[in-house]
Structure formats: C-alpha cells, structure tokens
Amino acid sequence: MSYPLLSLAIWIPIFAGLLVLATGSDRNAPMARVIALCGAILGLLVTFPLYSGFDSSTSAMQFVELVPWIPRFNINYHLGVDGISMLFVILNSFITVMVVLAGWQVVENKVAQYNAAFLIMSGLMNGIFSALDGMLFYVFFEASLIPLYLIIGVWGGPNRVYAAIKFFLYTLLGSLLFLVALLYLFIQSGGSFSILDWHQLPIAMGAQIWIFLAFLIAFAVKVPMFPVHTWLPDAHVEAPTGGSVVLAAIGLKLGAYGFLRFSLPIAPDASQELAGLVIALSLIAVVYIGFVALVQADMKKLVAYSSISHMGFVTLGFFMFSAMGIEGALVQMISHGFVSGAMFLCIGVLYDRMHSRQIADYGGVVNTMPKFAAFFMLFAMANAGLPATSGFVGEFMVILAAVKFNFWIAFAAASTMIVGAAYTLWMYKRVIFGDVANDHVRELNDINGREFLILALLALCVLGMGLYPQPFTEVMHASVNDLLRHVAITKIQ
C-alpha cells in the first residue's frame, strides 16, 4: 500500500497549526510549544520516504495523488514531485522544525498564534512544491502570503505594518498577472488546469511572450529580482527571526521554482528569446546588490541584500539552458536555504541578548561567546562561498556553466565571490573580533543547549552538502535533462 505522503506533508503541519491555535491564550504556552514541535517533527518525518523511495532514473512525477476537487471546472487535487521539487518539500519541513525550536524561549506573546502561523505556512508551501494543478498551485501560492504577512505584521519590529503591507502589495500585484496567464492557458488547453498538459500546449510565439512576461513579473517579485527587490530588506529587517529564516530559506525559492515549473516548459521559445533580459537582471542582482550589501550598517539588512545577490545566481543558472547551470542553481537554492537561515538565526541569537542589529554596537563578541563565534564563522564562510561548504558547490557549477555560455557573463558572476567575501567577512570581523567594545558585550552569555542544537544541525547540513553534494544532485539529473530536452525540441519544431 502506498501512503499519500505529499498530502501528509501538507496537512500534518496545517492540522498541527490548528491544534496549536486551539490551546488558546498564553497561559497554555508550554503546551502550544510542545504540540508545535511534535507537529513540525512529524511533518518532517513523513517527507523522508519521499527521498528514500524516489526513483532518480526517471523524470516522471512520483508519489502522485489525483482526486477531483471542483469537477465542473476540471480542477483537481493533483499532487506529485519530481527531481526538481522533491528536495524543497524536505527542506521546507526541516526549516520549520528549526524555526519552532528557535522561537521556543524567545517568543512570549501570542505563542500559540506564532507557532500556528509557521506550521500552517509550512503546509501551504509544501503544497506549492507538490501541486500539479494550476488552480491548486495558485491557491497555495496566494494562501502562503497570509501567515507570513501576519508574522511580519504582528511579531515584527517598529515599522512592521509598513513592511508587511509593502510585502503583501508587491507579491499580490505579481500574482494577479499570474492568474490571468493561468486562465488563458485553461482556455487554450480546452478546459484543463493540469500543469503537465500545459507543458505540451503548442502556443504561438506572440502569445508565449505575453505569458512569459506575466510569469516573469509574478516570479521576479518572489525571488526577488532587480528592480522589484525593494520589499525584501524592509520585510527582513522588521520580521522576527523565525520570519526572516522562513522568508530567506523557503519564501524566495517559490519564485525560482515557478520559473522551472511554468516559464521554461510552458513558454520555451519565449524563454530562449528573452533569456538575455533575465540574465542581465540576474547579473545586476549579483554584482550591484553585492556592493549595496557592502555598505549596510544593519546586520539583517546586509544578509537580506546578500540573499538577493545569491538568488541572482539561481536565475542566471536557469536561463543558460545547460544541465550544469540548472543543477547548480538548484543546489544553490538548497544551500541558500541552509546558509541564509543559519545567518539569520545567528543574528537572532545576538538580537535576543542585546536587542540591536547594528554592527557598530558590537565588537569582541568572541571573548564572551566563543562557541557562537565558531558557528557564525562557518556560516559566514559558507555565505562567502568557501570550498567544502554548501555555498561553494552551486556557485561553482553556475560559474562553470557560464564559462561555457559566455566568458564575460562568467567573469561578472564570479566577481560575487570577492564581493560576497568582502561584505560577509567585514561584518564578521567588526562584530566578533577585537577587544570587547562595551559593557553590553561583556555581559553576553554564550549559546545555550537549544541554540547549540539548532546551529549544529545547520552546520552539519552546510558541511555535508559542501563535502558530498552527490545525494542532492543525483536526484535532479533526469528531471533537469527532460526539461532541457523539452525546451530544445519545441524550439526546433
């Protein structure tokens, strides 16, 4: 008997979130935390068989579930994963466990609502990565905005309402164009919302370009690509630590995933025709935003701009139409989930103790928090792309693909290795090294057992992926090659 693993991965966190909400007021906070952690861990455990039972020799969708949902409009509850999407379901479920643990002692107000928002969002995001029905994808895609909007707007910093509304309006505007494209495809396909059917649609070049542009705007806002990136630093700075971790580790991946599931296979000719535009925007993000990160005085803002720069590598890898480039971009997405999540958690550890994110308020932290400094060093090095960390593998693969594609594009992209090291290590030096800067730093306590466990697990992921990336790359091969074959064949016809 085959279990509905994808449905379990979606609905266990959502039901756990509703159960946490039912605990009610903060008097029951300990119970809410325990239920949230159990729900998150159970949600993670049901994703492990997705990997162990995955057949990496085929590009076909696996663990497929198909149930009629709204038969009148041919809308189905249709789930499945391939080598492109399966790893993101596991990553999302893993990050949810980290976030619940990270907020364990830190969040004291509306504890049940806080944990419930993350659990429900986790289930919705698993739905995005698993949906094979266009309307089901759209419902999950839009619904995932609501918990994140609440997380920023309720538990965020002083300007949280401004940041939450800006985030919501940006993403909603892009999503409306996405909906128009979905409805056009529904009509063109004779009344089907199946994403896999849409991949086979013969669409004229003019229509493809309009569809591609609608998808580009929707997904570019999510990534976020230059110039629609301005909501991200505000959202990160105002969000609580857990919100920043989920936004960086998973939220930004939704747009990039959309390019591979929608833009490239549905509008392949337009993708090749407009690849130069996407590559140009990606390089601006990689190079220019890297320099913007260099001048930031706020640690969270620096890592937020760093995320935009790293995600530029992802879109660059997609639009060179090579297996090395796409696989490198996918590896970069997973690595960025670990590394940026860990960086925001490290900043959260400092913020919980000193209630400041300003680099100038720190200095000499290694003297009072040596264990923390060691973990922070590893994640800073991974963020800068040091070999033997996960941060190196994806960037190296994308640069290698870029060399074959165009030397000057590769040269521009590789400059991020230098700029990335500059802003990350300069921040690390000013915060961690030197003499103890002030009495606040002198009174800091090193990480406790809970914080050590979270950072140690992420450190294992970063080192494991950096030293032995094959378990991540081997499951992608068949799906990536099939996608590229599809794009090339439609171009020839």
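## Basis

The model is predicted: local features need pLDDT of at least 70, side-chain atom pairs count only at pLDDT 80 or more, and totals for chains, interfaces and linings use all residues. Residues are numbered from 1 along each chain as its sequence is written, and side-chain values use heavy atoms, with hydrogens and water left out.

## Helices α6 and α8

Helix α6 (residues 134-143) packs against helix α8 (residues 160-188) at an angle of about 175°, and their axes are 11 Å apart. Helices here are DSSP runs of H or I with at least four residues, and strands are runs of E with at least two, numbered from the N terminus. Axes are lines fitted to C-alpha atoms, for helices over the stretch in contact, and angles run from 0 to 180 degrees between N-to-C directions.

In α6, the residues G134, M135, F137, Y138, F141 and E142 meet L172, S175, L176, F178, L179, L182 and L183 of α8.

Strands β1 (residues 62-70) and β2 (residues 75-81) pair in the antiparallel sense over six bridges; pairing requires at least two DSSP bridges. I70 has I75 in β2 as its bridge partner. Four residues lie between the strands of this hairpin, and N74 in the turn has a positive phi of about 60°.

## Buried parts

Of the 17 residues in helix α4 (residues 86-102), 17 are buried (under 20% relative accessible area, with exposed over 50% and partly exposed in between, using a 1.4 Å probe and protein chains only).

H236 is in helix α11 (residues 231-238) and counts as buried, at 0% relative accessibility. Leaving aside neighbours within four places in sequence, H236 contacts S244, L247, A248, K300, A304 and F344 (heavy atoms within 4.5 Å).

Technical notes. The expected span of a helix is 1.5 Å times one less than its number of residues.
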